[in-house]
Amino acid sequence: MDVNGLSESLVFGRKITGLVAADLGDESIVRELRDLWVRYGLIVFRDGQCDPDFQVALSRCFGELQVHAVKEMLHPERDELFVAKGGGTDSSLLEVNGEVLGGYIPWHSDQVFLAETNHGGILRVAVQPEVGGNTGFIDQIEAYDALPPAMKERIEGMEVVYVMKAGTIPNFHFLPHQVIRLVRGQPFQQQLDAKIEQGLYPPVVHPLVFVQPETGRKVLNLSPMFADSILGMDPAESDDLLWTLADHLTDERRAYDHEWQPGDMVLWDNWRMLHCARGVPENMYREVHRTSITGDYALGRVLAEAAAES
Ligand SMILES: [Fe+2]
């Protein structure tokens, strides 16, 4: 395999070419892959093996895999693969800054509305649209480093409350740089809203800053999507601070936009990289298969438990 930077200007991310299943039997290669994942946060695998079995085997090098609870969303042959569909006739449609898109998801961390978030995942595009379908990534270590010193001092020790909100994406707060309007709802929305009503997603708390244990680097640990408030802060002050931080964090000048080529797979560190789905034009269809690599950074808590402890 061959390891290179993604571009001259990016401080995160690596591109690995030519990786195949036989390489995964070599412990030194697997160790190097894990090290690159932690150090660079994002790995694009290109011009190597690319199929469901290899995607699962490669994902297992980084940890145990989760099987998604919703059976209808699983790959027909591999339970470890979650199938995400965007666009097509039964997808939700959003107008984003004047453009109607299917499969658009703003900047977020996966599972941040749970106390235990997955450590990462590997994405593979199964159906590539003719236009669009890019995946964006932002490094929260780089974003932390770019904060003014006074802000770093201010936010140290703060915690953020996350809530899975009923309704569609326009109901979420703290999504700067975009005006989103619902054009067509998604078919699963009512089922999801019913689960929220039943209390299956109690509010959770995560630290606003955490230290990557392997390197000592600090992460601006904020997912603008799903964020609700700063724990214990006056609501107006909390809103103001979260808007300021979300605006800084989702500055597109620090983003990497992955344009998918046939045979690509992309691994990211969900504890350190924000990602977003740029969506597809309304008449296009895109299908992505992804794994979820488990782990627990052990810093998230259910809000009711957090309140009881303080
Ligand atoms: Fe995601």
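A search of the whole predicted structure finds eight aromatic pairs. Rings of Phe, Tyr and Trp (its six-membered ring) pair if their centres lie within 6.5 Å; planes under 30 degrees apart count as stacked, over 60 as edge-to-face and the rest as tilted. The model is predicted: local features need pLDDT of at least 70, side-chain atom pairs count only at pLDDT 80 or more, and totals for chains, interfaces and linings use all residues. Residues are numbered from 1 along each chain as its sequence is written, and side-chain values use heavy atoms, with hydrogens and water left out.

One of the pairs joins F172 and F226. Their ring centres are 5.1 Å apart and their planes stand at 85 degrees, so the pair is edge-to-face. It links distant parts of the chain, 54 residues apart. F172 sits in the loop between strand 10 (159–162) and strand 11 (180–184), and F226 in the loop between strand 14 (218–220) and strand 15 (227–230). Strands here are DSSP runs (E, at least two residues), numbered from the N terminus. F172 is buried, with a relative accessible area of 9%. F226 is buried at 8%. Buried means under 20% relative accessible area, exposed over 50%, and partly exposed in between (1.4 Å probe, protein chains only). Ring pairs link F113, F172, Y201 and F226 into a cluster.

The rings of F210 and Y297 have centres 5.0 Å apart and planes at 85 degrees, so this pair is edge-to-face. F210 lies in strand 13 (residues 209–211) and Y297 in the loop between strand 20 (285–290) and strand 21 (301–302), so the pair ties together parts 87 residues apart in sequence. F210 counts as buried at 7% relative accessibility. Y297 counts as buried at 13%.

The iron ion has three protein donors: H108 (NE2), D110 (OD) and H275 (NE2), lying 2.1 to 2.2 Å from it. Donors are N, O and S atoms within 2.8 Å of the metal (3.2 Å for Na, K and Ca); water is not among the atoms, so sites may look incomplete. The donor residues are spaced H-x1-D-x164-H in sequence. H108 lies in strand 7 and H275 in strand 18 (residues 273–277), so the pair ties together parts 167 residues apart in sequence. H108 is buried at 7% relative accessibility, and H275 is buried at 8%.

The count comes to two cavities of 30 Å³ or more. On a 1 Å grid over the protein atoms alone, a cavity is a set of points where a 1.4 Å probe fits but cannot get out; a pocket is an open set with protein on both sides within 12 Å along at least five of seven lines; lining residues have an atom within 4 Å of a point. Grid points are joined across faces, edges and corners, and a volume is the space filled by probe spheres set on the points. The largest cavity holds about 70 Å³. Its lining includes the iron donor D110 and the ring-pair residue Y297. The second largest cavity holds about 50 Å³. Among its lining residues are I16, F45, R46 and M265.

The second largest pocket has a volume of about 310 Å³. Of its 22 lining residues, V96, E99, L101, Y104 and R278 are the closest to its centre. Strand 7 gives the largest share of the lining, three residues.

Technical notes. Helix = DSSP H or I, 4+ residues; strand = E, 2+ residues; numbered from the N terminus.
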